[in-house]
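Welcome! Please take a look at the sequence and the structure below, and keep them in view as you read this short briefing.

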Amino acid sequence: MLLGLRIDDIIFYLLYTAFFTLIMYVWQSRRREAELEKLQRETEIQSLKAQLNPHFLFNSLNTIYGSALTEKDTSTAQLVQQLSGILRHSVEEVQQEKTDIQKELMFIEKYIALQRARLPEHPNVSIQSTLFWDQEPADIAPLLLIPLIENAFQYGVSIDEPSFVRVDLRVEDRTLHLTVKNSITTHHSEKKGAGTGLKNTEKRLALLYPDRYSLHCGRQQDTFEIDLTLQL
């Protein structure tokens, strides 16, 4: 006997604890699967709503691309090509559970290039980006990172005051490290939707990569910083 308990009581307690733990594990697993399925379904529906007949859109972009080349407007042709690549990746890869890390990096690279072209050259605006991949094969959930980068451009850039966006993305030994920094402009609070992309990304990380990531974000004086480490 131990502390006044009989062997039968101890065995019953252990069996009860194991049974209860098993029930909780199964319940949490099914709940997580249900949330993941719901989130993927919502993401797919949102993407489908945004497509507006993608074949027509892609054909139109190809027409504009061809016209720009004919007129030797290489800058416009490159922008159209980048936009077409971004849309194609968004439409096609969102249907997949995982996508090749190389495709995702190319998608982000095109997105940043398009943002550079969209923003006017102005001494108040500074855009810096570094993307590195060690060529080790790896997969990642599609469009997982883009909300973190998109938010920086959406809320951190203004030609009315000194502003900046800095993106540093590295993938080494199947570990992804992303740092995004942007200035906090005086018009930041006037823009709607601030924080929505970050919240959605946090939910996807929790569902898709439990115990395999760390995400820190916050304000440091006049700078907003996001730091993500993810085991792919």
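Predicted model: local features only at pLDDT ≥ 70, side-chain atom pairs only at ≥ 80, totals over all residues.

**Helices α3 and α4**

- Let's begin with helix α3, residues 74-93, and helix α4, residues 101-118, whose axes lie 9 Å apart and which pack at an angle of about 140°.
- An angle over 145 degrees would count as roughly antiparallel, so α3 and α4 are oblique to each other.
- The crossing in which α3 passes α4 is left-handed.
- On the α3 side, the contact is made by Leu79, Gln82, Leu83, Gly85, Ile86, His89, Ser90 and Glu93.
- On the α4 side, the residues in contact are Lys103, Glu104, Phe107, Lys110, Tyr111, Ala113, Leu114 and Ala117.
- Sorted by class, this contact between α3 and α4 holds eight nonpolar, four polar and four charged residues.

**Helices α5 and α6**

- Next come helix α5, residues 146-156, and helix α6, residues 196-208, with axes that come within 9 Å and cross at roughly 165°.
- Angles over 145 degrees count as roughly antiparallel, and α5 and α6 are therefore roughly antiparallel to each other.
- Their crossing is left-handed.
- Pro147, Leu148 and Asn151 of α5 meet Gly197, Leu198 and Thr201 of α6 in this contact.
- The contact of α5 with α6 has three nonpolar residues, three polar ones and no charged ones.

- How many of the 11 residues of α5 are buried? The count is nine, and α5 is mostly covered.
- The buried residues of α5 are Ile146, Pro147, Leu148, Ile149, Asn151, Ala152, Phe153, Tyr155 and Gly156.
- Pro147, Leu148 and Asn151 are buried, and these residues also take part in the contact with α6.
- The partners that the buried residues of α5 pack against include the helices α4 and α6.
- Strands are among those partners too: β2 (125-133), β4 (163-172), β5 (175-183) and β7 (223-231).

**A look at Gly218**

- You can find Gly218 in strand β6, which covers residues 213-220.
- Is Gly218 buried or partly exposed? Its relative accessible area is 23%, and buried means under 20%, so Gly218 is partly exposed.
- Leaving aside residues up to four places away in sequence, Gly218 touches Thr223, Phe224 and Glu225.
- Gly218 and Lys181 are 37 residues apart along the chain, and their C-alpha atoms are separated by 9.9 Å.

Note on methods
Residues numbered from 1 in each chain as written. Heavy atoms only, no water. Axes fitted to C-alpha atoms, helices over the stretch in contact; angles between N-to-C directions. Helix = DSSP H or I, 4+ residues; strand = E, 2+ residues; numbered from the N terminus. Parallel < 35°, antiparallel > 145°, perpendicular 65-115°, else oblique. Left-handed = near helix turned anticlockwise from the far one by under 90°. Contact = heavy atoms within 4.5 Å. Nonpolar A, V, L, I, M, F, W, Y, C, P; charged D, E, K, R; others polar. Buried < 20%, exposed > 50% of the residue type's maximum accessible area, 1.4 Å probe, protein only.
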